[in-house]
Every structure is written in C-alpha cells, then in structure tokens.
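Keep the structure open beside you as you read.

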Amino acid sequence: MTDTAPEPGAATEIEPGLRRVLAPNPSPMTHWGTNTYLLGSGREICVVDPGPEDSGHLEAILAATRGARISQIVVTHSHKDHSPLAARLAAHSGASIAAFGPSEAGRSPVMQALAASGFAGGGEGVDADFAPDRLLSDGEVIAGPDWSLEALHTPGHMGNHLCLALGDVILTGDHVMGWASSLVSPPDGDVSDFMGSCARLALRQARRLAPGHGAPIEDPLARLDWLISHRRGREAQILEALGAGPGPLTADTLASRIYADIPPHLLPAAQRNVFAHLIDLAVKGMVATPGALAPDSPFTPV
Ligand SMILES: [Zn+2]
C-alpha cells in the first residue's frame, strides 16, 4: 500500500470509472484529508462524500466533472469531514442527496437510550444539519448509465454509516481505513455494531476497498481480520484490568491504566473508546453495572 498524499483537488483514477478527488483538510483525525469519489466516466456522474464545507473543494469537484452532469450525490455518513458540502453541490447540480438517514439514524437501542439520557458525542464532528433527500436502505441498489452501487448499512463508526459496493470494490467510508482503526465513540459509535459490520464486510470477499481517508486497501480480508483482532485485544485488556480491580472500576480509571503511555490530550478519546467497549461487554453480559449505563458507571466482571 502506498500512502503518499495525493495532490488536493486533482482527480486520480482508482479503477476504471472510479476517480478520487482529495479534499484539502488534512489533520490527525482525517489523515491526508477526505477522499471524495466520482463514479462513472460518461455523461452522468455520482459523487460520493462531497466532503467538508470548502469552496476550493467544491470548485475541484465541479472541474473534475466538467462536461458531465452530477446526477446523484451519496454520503457514507454525516461527519463534518464527509457530508456538509453535499448541500451546496446539490444546489449547484440539482442532484439529490442519498444516505441511510440523518445523523441520529441507525443507532442501536442501547445507544438510543444512552443519547436519551443526555449523553452526547465527544466532539467528533457530527453534521447535525445533514438532511438527505433520499433514504437508502440496506441492500438497495442505485445506478446511472455506467455506474451502480449497492448500499450496505454498516453501523459501528456511526449509526447511519453506509459502505457502498461497486461490484467487488467497496467504498468503506470511515468503517475500514488502511492508516488507522476507526473511531468508535458512543452514542454514535457502537462496538457491537462495528464488529458485526466488519464480519459482514468480510463475507463480501471484496477485491479492493476504497476508504474515506488514505490509500486503497489491496488486501481487504487481512485488514478486516486486523480490525477485528485489534478490537478483541482491547476487550481482553479491559477484562483483565477489570478483573485485577480492586472493586468496580469506571471507564476513566480503566483507560488511565490501559493507556498508561499516551499523551494527556488523547486520554478523553481513550476513555470514550473504553466506555464503548464496556457497553458492548455489558450488552454481551460479560460485565455488569448497577443502574443505567453512564460514562461514570462502575463496572464489575460477570
Ligand atoms: Zn467519520
């Protein structure tokens, strides 16, 4: 896998009929920036993940699609580095915006309850204004003259996350990336769903994955296996620390023991990740806490 950042704004062919335009938003969370994908090489183009609110990136997408019509916009999930430019691109092109749903869509019942209790996201950049015109259900296929995609509902990184299968190439948004494991932060992120979505993607036997950030993944099964084993390893660490006690422990205490060496500014994200795992373990009946799930809940092994 080559992982040298391409030039922002330039269109690069990834596969016949699939091009990538990099948005100029590099950061520790977005790697080299957001990959916007253009499907089709004829007169009708589908734009996947228009990206962040950025006029230069809008110009780059319009330049790359000049001479053709943008007939469809599809958004993998409504984080601010993927969805906000969709509205302006739709106004410009007349294309409708298709997605699984608005930002709260697709949450599991346990995450719905957690959100209802007032627990909010950790500032991961949810696009609360995201309003798709057309809702795509799992397995739904949409097509243009020379492109076709199947929507795969893959919650885990976010409840409304879709992967998009173009034959044996899958656009994986932020669910599978080559450069980092995906952020899973409740109530949008859900470890139980994330693991299920990874297992489901593995069954697709894709030839190649094209992620929302970073280079294409040339060995999809190896990457999915790594993601699953990475999460299982974290789960084992949490159970071990919880077993060592003494007494019930909170996500914050567990995170400071497990992530003993990380810089202090990364600790809040680590605490959310541990909490995400504790919720999954509680759902599986492997840990218990008195009362409703909350970030300061004390957990004990079962
Ligand atoms: Zn995301």
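Start with E235, which is buried, with a relative accessible area of 14%. That value counts as buried because the cut-off is under 20% relative accessible area. Keep in mind as you look around that this is a predicted model.

Which residue does E235 pair with? E235 forms a salt bridge with K284, and their closest N and O atoms are 2.8 Å apart. E235 sits in helix α5 (residues 220-244), while K284 belongs to the loop between α7 (267-283) and β13 (287-288), so the pair ties together parts that are 49 residues apart in sequence. K284 itself counts as partly exposed, at 43% relative accessibility.

## More salt bridges

Side chains of opposite charge can pair when their charged atoms come close. How many salt bridges does the structure hold? The structure holds 12 salt bridges.

One of them joins the side chains of E15 and R208, with an N to O distance of 2.9 Å. E15 is in strand β1 (residues 11-15) and R208 is in strand β12 (residues 208-211), so this pair ties together parts that are 193 residues apart in sequence. Both E15 and R208 are buried.

Another salt bridge links R69 with E44, where the closest N and O atoms are 3.6 Å apart. Here R69 lies in strand β5 (residues 69-74) and E44 in strand β4 (residues 44-48), so the parts tied together are 25 residues apart in sequence. R69 is partly exposed, with a relative accessible area of 45%, and E44 is also partly exposed, with 25%.

## The zinc site

Now find the zinc ion. Which residues coordinate the zinc ion? They are H77 (through NE2), H79 (ND1), H157 (NE2) and D174 (OD), at 2.2 Å. Along the chain, these donors follow the spacing H-x1-H-x77-H-x16-D. H157 is found in the loop between β9 (147-153) and β10 (162-166), and D174 in the loop between β11 (169-173) and α4 (191-203), so the two tie together parts that are 17 residues apart in sequence. H157 and D174 are both buried.

Why is the arrangement around the zinc ion irregular? The four donor atoms subtend angles of 87 to 167°, which makes it so. To count as tetrahedral, four donors would need all angles between 85 and 135 degrees. For comparison, the ideal angle for four tetrahedral donors is 109.5 degrees.

Finally, step back to view the whole chain. The domain assignment gives domain 1 (11-218) and domain 2 (228-301). Their centres, taken over C-alpha atoms, are separated by 29 Å.

How many residues of each domain are in contact with the other? Domain 1 contributes 19 residues, which touch 14 residues of domain 2. Between them the domains bury about 1,400 Å², with 71% of that area on carbon and sulfur atoms. On the domain 1 side, F119, V191 and M195 supply 34% of the area buried against domain 2, more than any other three residues. As for salt bridges between domain 1 and domain 2, the count is zero.

Definitions and conventions. Residues numbered from 1 in each chain as written. Predicted model: local features only at pLDDT ≥ 70, side-chain atom pairs only at ≥ 80, totals over all residues. Heavy atoms only, no water. Donors = N, O, S within 2.8 Å, 3.2 Å for Na, K, Ca; no water. Tetrahedral: all angles 85-135°; square planar, octahedral: opposite > 155°, others 65-115°. Helix = DSSP H or I, 4+ residues; strand = E, 2+ residues; numbered from the N terminus. Buried < 20%, exposed > 50% of the residue type's maximum accessible area, 1.4 Å probe, protein only. Domains from an automatic or database assignment. Contact = heavy atoms within 4.5 Å. Buried area = accessible area lost by both parts, 1.4 Å probe. Salt bridge = Lys/Arg side-chain N within 4 Å of Asp/Glu carboxyl O.
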